[in-house]
Amino acid sequence: MASRHSGPLIKLAQPNPFKPKSSSMVQYRTMFIQTESTPNLDSLKFKPGKLVLPEGTTSTREFISAREAMQSPLASTLFRIDGVKSVLFGKDVITVNKSPDVAWSIIKPDIFGAIMDFYSSGVPLFKVAFEGPTDTMILPEDSETVAMIKELLDTRIRPTIQEDGGDIEYMGFVNGAVRLKLRGACRTCDSSVVTLKNGIENMLMHYIPEVTAVEQVLDDLEIESNKEFSMLEQSLKNQQHIRVKSP
């Protein structure tokens, strides 16, 4: 019986999730994606060398769940990568937050591939047109103080935070306290409290005497995550205490 010759194994290329449904072929263009670290070790900036959001955009767009990410083909694909916790689109940067128990060396190649596939496809970033920021839009009913807060957030504070792969969202001004939500790399950063108190709060109080404090607003997911982390931390402390007591 003649023996069969096993040829070299050929790795089949994975289908491009962004490939248009039409029969026309899309040329795959090589692109250089630069990465930059952030103050948050679990957050990394990916810079594709071109605009991510429409030109002239001053805000960001964040997705913190796979359900939210369905609004964007790129965000949806990134959320299919194990370990990705949130995605933030900036002017020319894509900030990805990962789970602490997943190494960047494991998921970075998949993130690179998802970004390159997206830009080679030519599909829109959003299924519905991006409308830009509304949280700091000055409204007719805004008081002079609120208008000043929004202007300062938009012109002085937001650009600085975006450089670190994060963003802020204005949630209101109540009894002298400016209520803000942290986005992107700032969301899970250990120094987020320092950012709020030593950075944002000091600047707002310096320029606007009516501001007496800055408060962080948390999403339901963040509140639940903080509870789980506190329970885990307490459990580890209890186990350590038991080991110390045991002979």
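Predicted model: local features only at pLDDT ≥ 70, side-chain atom pairs only at ≥ 80, totals over all residues.
How many bridges join S2 to S5, and in which direction do the two strands run? Four bridges join them, and the strands run antiparallel. Strands and helices here are DSSP runs numbered from the N terminus, with at least two residues (E) for a strand and at least four (H or I) for a helix. Two strands pair if DSSP finds at least two bridges between them.

Residues are numbered from 1 along each chain as its sequence is written, and side-chain values use heavy atoms, with hydrogens and water left out.

Let me stay with S5, residues 94-98. Five of its five residues are buried, that is, under 20% relative accessible area with a 1.4 Å probe and protein chains only; over 50% would be exposed, and in between partly exposed. Ile-94, Val-96 and Lys-98 point one way, Thr-95 and Asn-97 the other. A hairpin of four residues connects S4 to S5.

Next, Asp-42, which is found in the loop between S1 (34-37) and S2 (43-47). Its relative accessible area is 19%, so Asp-42 counts as buried. Beyond its neighbours within four places in sequence, Asp-42 is in contact (heavy atoms within 4.5 Å) with Val-96, Asn-97, Lys-98, Ser-99, Pro-100 and Trp-104.

Asp-135 is buried because its relative accessibility is 15%. Leaving out residues up to four places away in sequence, Asp-135 touches Lys-150, Arg-158, Ile-168, Glu-169 and Tyr-170. For Tyr-170, which is 35 residues away along the chain, the C-alpha separation from Asp-135 is 5.5 Å.

Finally, the open sheet. Three strands form it in the order S6-S7-S8, with mixed pairing. S6 (166-174) and S8 (213-216) are the edge strands, each pairing on one side only. From one strand to the next, the twist averages 30°. S7 (residues 177-184) runs parallel to S8, with four bridges between them, and Arg-179 stands opposite Glu-215 in S8. H4 packs on this sheet, touching S6 and S7, and its direction makes about 165° with that of S6. Axes are lines fitted to C-alpha atoms, for helices over the stretch in contact, and angles run from 0 to 180 degrees between N-to-C directions.
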